[in-house]
Amino acid sequence: MPLTLSDAPKRQGKAPQHLADLDRRERRDVVAALGEPPYRADQLSRHYFARLVDDPAAWTDIPQQVRGVLSAALLPTLATPVRHIDADAGATRKSLWRLHDATLVESVLMRYRRVASHSAELGGESDETRGSERVTVCVSSQAGCGMACPFCATGQAGLTRNLSAAEIVEQVVASARMLRRGEVVGGPGRVSNVVFMGMGEPLANYRAVIGAVRRLTEASPHGLGMSQRGVTVSTVGLVPAIERLADEGLAVTLALSLHAPDDGLRDELVPVNTRWKVAEALDAARAYFDRTGRRVSIEYALIKDINDQAWRADLLGKLLTDRGRGWVHVNPIPLNPTPGSKWTASTRVVERTFVETLSAHGLPVTVRDTRGREIDGACGQLAASEA
Ligand code: SAH
């Protein structure tokens, strides 16, 4: 029997096209090509982004007989939940998603109640907080990662593939649905912040990440209507991509994963450093601040006896203040040891000394909390498996 289209094996890799991959005009073009009035594109956008409805049966403003064709063209199922695991008394939820080609990726939702000191929260620079809480979704931008940082769980397995813009957006929309339906402890809520700190190197999947940021921040109903300031893009330091990001006209926060102030050690901890050195990465970060006015965040995983010496804190303080004041914030992260790793987190005393040494340079420093640690949902622990 000849192979028909539906018998053909699913294309590995590239996700099916979805309206969250497209801008408003492109969506209207797709709808028009199907012989439907272009305003249907806006109706679909409203269902997806504003009403967070995924079931065509609920599209009562669209004739029943065209729902199927529109759904296939613009709202195919991109991700199905494999499982959700809750931690921190339900305030943290890690979700494992299966994509169309059976690829697995994870996202993490973190809900923070407003307390006196909240600056250690992920995405903590946003002024987008609604009411008295903040909800941050940590998204994956790639399945796996090609950057091979030896302390990071995702880095161990290598890169499987890039995610599409819509596959990134869908992690946020799915989280927004869970919150709206009151499935997360604390009652109904909304996503206020998105951090690209899940699996993958966002700037190595540049187009899709920018597309996703635009969809997240476009006004409702054409996008999710989030504040650009509520979005943080974290990178190992791909310098040309940082420069390009600075020119996008987006007020997103840049986080630079530095982890060492000296090239000798950083070559090991962040292998891409052999291509773009500490000084180049910091210059690009500083230029990002100049261009966008957004204070850059320097991430520094504190690894016992590896990068946590006071002299390294001092050197880091010097390198940052040499480039000016008020442009940067340091975010030490207690290492979350990955399974089988020989490395552990720095002791409390060493961590405190590291922080105080940096503070003595007049730098703002906040140690990141360790949300989701017990469910391997904390920084660097995302490594999707069905085990
Ligand atoms: N590829 C991007 C996003 C990665 S995850 C980047 O490297 O910035 C976000 C942060 O978690 C990065 O700073 C990363 O270095 C850090 N991280 C990775 N593994 C970690 C671990 N085991 N413990 C603590 N932080 C870790």
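A polar contact here is a pair of N or O atoms within 3.5 Å. With that in hand, let's walk through this predicted model, starting at the ligand. A backbone N or O atom of Asn-336 sits 2.8 Å from a nitrogen atom of the ligand. Taken by itself, the ligand exposes 530 Å², and 96% of that is buried by the protein.

Side chains take part too. Ser-234 places a polar side-chain atom 2.6 Å from an oxygen atom of the ligand, while for Glu-299 a polar side-chain atom lies 3.1 Å from a ligand oxygen atom.

Now let's look at the whole shell. The ligand is surrounded by 20 residues, and the closest are Phe-151, Ser-234, Ser-257, His-259 and Asn-336. Sorted by class, this shell holds 10 nonpolar, 8 polar and 2 charged residues.

You will find Gly-200 in the loop that runs between strand S7 (193-196) and helix H6 (206-217). Is Gly-200 buried or exposed? Its relative accessible area is 17%, and because buried means under 20%, Gly-200 counts as buried.

What does Gly-200 touch, leaving aside residues up to four places away in sequence? Its contacts are Ser-141, Gln-142, Gly-144, Cys-145 and Thr-154. As one more distance to check on screen, Gly-200 and Val-272 are 14 Å apart in space, C-alpha to C-alpha, with a separation of 72 residues in sequence.

Key. Residues numbered from 1 in each chain as written. Predicted model: local features only at pLDDT ≥ 70, side-chain atom pairs only at ≥ 80, totals over all residues. Heavy atoms only, no water. Near = heavy atom within 4 Å. Polar contact = N/O pair within 3.5 Å; in protein donor to acceptor, adjacent residues only side chain to side chain. Areas by Shrake-Rupley, 256 points an atom, 1.4 Å probe, with all protein chains shown as cover. Nonpolar A, V, L, I, M, F, W, Y, C, P; charged D, E, K, R; others polar. Helix = DSSP H or I, 4+ residues; strand = E, 2+ residues; numbered from the N terminus. Buried < 20%, exposed > 50% of the residue type's maximum accessible area, 1.4 Å probe, protein only. Contact = heavy atoms within 4.5 Å.
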